[in-house]
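Here is a structure to look through together.

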Amino acid sequence: MSSNLSTTEPRASRPAAGALQRSLKRFDITAMAIAAVISFDTVGQIATGGGEAATWTAVIAIFFLIPYALLFAETGAAFPQEGGPYVWVRLALGRPAAALTTLMYWVTNPIWLGGSLVFLAAETWDGFVFHLGSGTVADYTFKLLFVWVAILTAVVSLRRGKWITTAGAAMKVLALTVFTLTAVFYGVRHGFHGLADTGFTPTTAGFLALVPILLFAYVGFEAPNAAGEEMHDPQRDVPAALGRSAAVAACCYLLPVLALLAVVPAHRVTGIGGFMDGARLVFSVYGDAAGPLLKTTAVMFVLALLTQGSAWMIVSDRMQAMAAADGGFFTRALGTFHPRLGTPVRTNLLSGAVATVFMLAAMRLANGDAADVFGVVLTVAVTTLLLSYLVIIPALVLLRIRRPDVPRPYRVPFGTRGFLLCAGLVYAWILIGSWSALFPGVLERLFGIDYVFHDVWGVSRASFEAFTLGTVAALLIVGVIGLVVARRKDALPGSAGEGGS
C-alpha cells in the first residue's frame, strides 16, 4: 500500500498489511459523496426559509461550494492517505490538534444518526407506512433498529458496503427527480400557488437563519478521502468525483426546494415533514395510484436516510479509527481494522453506542415533541461539524505553503493565490455558520432583527445552550482525556505504540 507521505506517519498508525483493499473507483467515490452529502433531512429545513431559501442556496453554492470543492479536490489528490482530514491536520498542526478535530468531525455523525436522521425516518414511517406513535415501544424499536442497521452496514467490507451507499445515492437522486418533475406537473394543472406569497429577495434575517443549515448541507465532499488508501487511483479520481458530486448536490438541493415552495405555501412547510408533505400534495395528480406511490416513496425515503447514515459512518469511523491507531484517542485498539472485513469494527460499535445514547437523550429533551427535537439535534450536529472545519481549513493552507514539493495532480486555478482566496472565502462562511449555530439570535439582535427564541426553537435559550454548549464542552473534555490516556499507555514499558506529537 503506497503513500507519497507514508514516511511521515507513525508506524503504529498504519492498518495491518492486507486489512485495506483497493475497491473504490471513480464512480464509487462519486456515489459515496452523493450518498453522504445530499441530505433529505435538510431539504424541508431549508425550504422553511421561503423563497429566499432558494436564493441563498444558489448564492452559497457559488461562493462556498465551488471554492470548497476546489480546496478539497487539490488536497485530497495530493494527500490520499487513509484517514483523510485526520492525516492532513496531523501533518500541519500535530497529533493533539488532529485528534480533537477528528473527534468533533466524527461525533457529528452518530449524533446526527441518532438525532435528526432517525427522528425524520420514524416520523415518515409513522405518517406514511405504518403507525408507530410517539414514545411507544414500536417507536423505540424502530429507532433502535434504524441506528443499528446503519451501523452494521458500515461494518461489512467496503467492497460490499459501497453498493449499499451507491443504492442510497441512486434512491435519493431518483426520489428528488420524481418529486421535482411531479411538482412541475402539479403546478401546470393546478397552478403554482406557493409562489403567490413567496419572495425571493434575500434578507439579513433569512441569511442568518439559513447559513448554518446550508453549510451543513453542502459540506462533506472530502469524506471519501477517509478511505483514501482503498481507492484505486485517488490522484486522478478524487478531483473528478468531487466535481461531479458537487454539481449533482447543488441541483438536488436547489431544484426540489424550488419545487416544494412552488406548490406548498412557505408557512405550511415544516422542517421534519417538508419533503413528504409536499409529495403527499403533488402525488395527487396520479389519482388512485397516488397512495401506493406515496407509500413507496416513503419507504425509499427512509432507506435513503438509512444509507446516508451508513455512508457517513463508513468514512467518519475510518477517520476516528486512524486517530485512535495513531495514539490520539484512549487506546490504539479502537483503531484496529478487521483483517477480513477491512473495517474498524470497534469504532463502528462505538458510533452505534453514541448514536443510541444521543437518541434516548434527544427523546427526553422535548418530551417526545419530534419537531422541536429535530431542530435542536440538527443544530448540535451542525455545530460540531462546522467547528471541525475551523481547524481543517487552516491545515489545508499550511500544507499548501509548507509542502510545495508534494505532487499535486490537480491544482486550484491561479496557484497559491487562488488557493488562499478559496480558503479565505470558505473560512469566512464557516465562522458565520458556527457562530449562528452556537448562539442563534445574537447576530440578529446586532442587526435589530426581532428574534423570539422559544418561538423559533420550541425550547428556552437556557435549555438550548445547555444542550449545544454542554455537548461541545463535553466533547473537548473527552478528547483531552483520550489524548492523555493514550499517551500514558504508550509510555508504559513494553507498549507497542510510539509517542510523539
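**Labels and their cut-offs**

Q: What makes the crossing of helix 6 with helix 11 right-handed?
A: Helix 6 passes helix 11 in a right-handed crossing. The contact (heavy atoms within 4.5 Å) is made by Phe142, Phe146, Val149, Ala150, Ile151, Thr153 and Ala154 of helix 6, together with Val302, Leu305, Leu306, Ser310, Met313 and Ile314 of helix 11. These contact residues divide into eleven nonpolar, two polar and no charged. In that count Ala, Val, Leu, Ile, Met, Phe, Trp, Tyr, Cys and Pro are nonpolar, Asp, Glu, Lys and Arg are charged, and the others, Gly among them, are polar.

Q: Before going on, what kind of model is this?
A: It is a predicted model, in which local features need pLDDT of at least 70 and side-chain atom pairs count only at pLDDT 80 or more, while totals for chains, interfaces and linings use all residues. Residues are numbered from 1 along each chain as its sequence is written, and side-chain values use heavy atoms, with hydrogens and water left out.

Q: Why are helix 6 and helix 11 called oblique to each other?
A: Helix 6 (residues 137-155) and helix 11 (residues 290-325) pack at about 45 degrees, with their axes 8 Å apart. Angles under 35 degrees count as roughly parallel, over 145 as roughly antiparallel, 65 to 115 as roughly perpendicular, and the rest as oblique. The pair is therefore oblique. The axes are lines fitted to C-alpha atoms, for helices over the stretch in contact, and angles run from 0 to 180 degrees between N-to-C directions.

Q: What secondary structure does the chain have?
A: The chain has 17 helices and zero strands.

Q: Is the crossing of helix 7 and helix 9 left-handed or right-handed?
A: The crossing of helix 7 and helix 9 is left-handed. The axes of helix 7 (residues 158-190) and helix 9 come within 9 Å and cross at roughly 35 degrees. Residues of helix 7 including Phe179 and Tyr186 meet residues of helix 9 including Cys252 and Pro256. This contact has twelve nonpolar residues, two polar and no charged.

Q: Why is Gly327 called buried?
A: Gly327 has a relative accessible area of 4%. Buried means under 20%, exposed over 50%, and partly exposed in between (1.4 Å probe, protein chains only), so a value of 4% counts as buried. Gly327 is found in the loop between helix 11 and helix 12 (345-365). Beyond neighbours within four places in sequence, Gly327 is in contact with Arg95, Arg332, Ala486 and Asp490.

Q: How do you know that Thr57 is buried?
A: The relative accessible area of Thr57 is 0%, so Thr57 is buried. Thr57 is found in helix 3 (residues 51-78). Not counting residues up to four places away in sequence, Thr57 touches Ile46, Leu214, Tyr218, Tyr253 and Leu254.

Q: What makes the phi of Phe330 and of Phe414 worth a look?
A: Most residues other than glycine have a negative phi. Phe330 has a positive phi of about 60 degrees although it is not a glycine, and phi of Phe414 is near 70 degrees.

Q: Is Phe414 buried or exposed?
A: Phe414 is exposed, with a relative accessible area of 76%. Its place is in the loop between helix 13 (370-402) and helix 14 (415-438). Phe330, in the loop between helix 11 and helix 12, is partly exposed at 26%.

Technical notes:
Helices (H or I, at least four residues) and strands (E, at least two) are DSSP runs, numbered from the N terminus. A crossing is left-handed if the near helix is turned anticlockwise from the far one by less than a right angle, and right-handed if clockwise.
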